[in-house]
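Please read it beside the structure.

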Amino acid sequence: MSGFSDNPQDEPHFLGHRERLKARFRDKGADSVADYELLELILFQVVPRRDTKPIAKALLARFGTFSDVLAAPEARLTEVPGVGASVATHLKLVHAAATRYARGAVRQRPLLGSWSAVIDYCRAAMAYEEKEQFRILFLDRKNVLIADEVQQVGTVDHTPVYPREVVKRALELSATAIVLAHNHPSGDPTPSRADIEMTKTIVEIAGPLGIAVHDHIIVGRQGHASFRGLKLI
């Protein structure tokens, strides 16, 4: 149960703050507000009669960053005082919208010409997940995205990947290239020996069938690693 009052007499002390914060965001843009203030703006929509600053600051104190707050599971969000089911659902909605927006930036255009958008999308989709996910981006001859699929979901430090299944799916979609991606819930995106060996196997199977492996991207809270950039492909 929240410790914040719903008494209308409490409203005046934060209503002015809300209007000032909205005006600053409207007039000066997102860069003019701190992370906790951006969370406040989001919470205004679902917490109309409370001071949202303590809630926003408590969320950041619990999870660390703005991105971590949005990516946190609903069950953990509701452990924060002032965050009920409706607030948690609203935050997950914002996270879903951000991920969908990032996905849109990599569709209907050659991926190799918008690599930063690919990285942004992979980070938005997976970097803050609590379990490993193995994702494949399937490309056509013009390197335009055909499909984006999560092939496997594993544990906190391992995802079973079957190279022949990866290549089989690429053939089913008539893909001529793929980008592999997975996350490290530990936060450190450094490739493991298993990651390197698995990627090498996929490249060896895919190559003779006319399927190029453009890259294997590992994302985590601390950044990302590119096998292409590390010369591991």
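In which segment is the place of Lys231? Lys231 lies in the segment after β5 (223-226), strands being DSSP runs of E with at least two residues and helices runs of H or I with at least four, numbered from the N terminus. The model is predicted: local features need pLDDT of at least 70 and side-chain atom pairs count only at pLDDT 80 or more, while totals for chains, interfaces and linings use all residues. Residues are numbered from 1 along each chain as its sequence is written, and side-chain values use heavy atoms, without hydrogens and water.

**Confidence**
- The protein chain averages a pLDDT (the predictor's confidence in each residue, from 0 to 100) of 85, and 87% of the residues score at least 70.
- Residues 1-10 have pLDDT below 50, and beyond near neighbours in sequence this stretch has 14 contacts (heavy atoms within 4.5 Å) in the model.

**Helices α2 and α6**
- The axes (lines fitted to C-alpha atoms over the stretch in contact, with angles from 0 to 180 degrees between N-to-C directions) of α2 (residues 35-44) and α6 (residues 85-104) come within 10 Å and cross at roughly 115 degrees.
- The contact involves Leu39, Ile42 and Leu43 of α2, and Val87, His90, Leu91 and Val94 of α6.

**Positive phi**
- Lys231 is not a glycine, yet its phi is positive, near 60 degrees.
- Ser174 sits in the loop between α8 (163-172) and β3 (177-183) and is exposed, with a relative accessible area of 55%.

How values were computed:
Buried means under 20% relative accessible area, exposed over 50%, partly exposed in between (1.4 Å probe, protein chains only).
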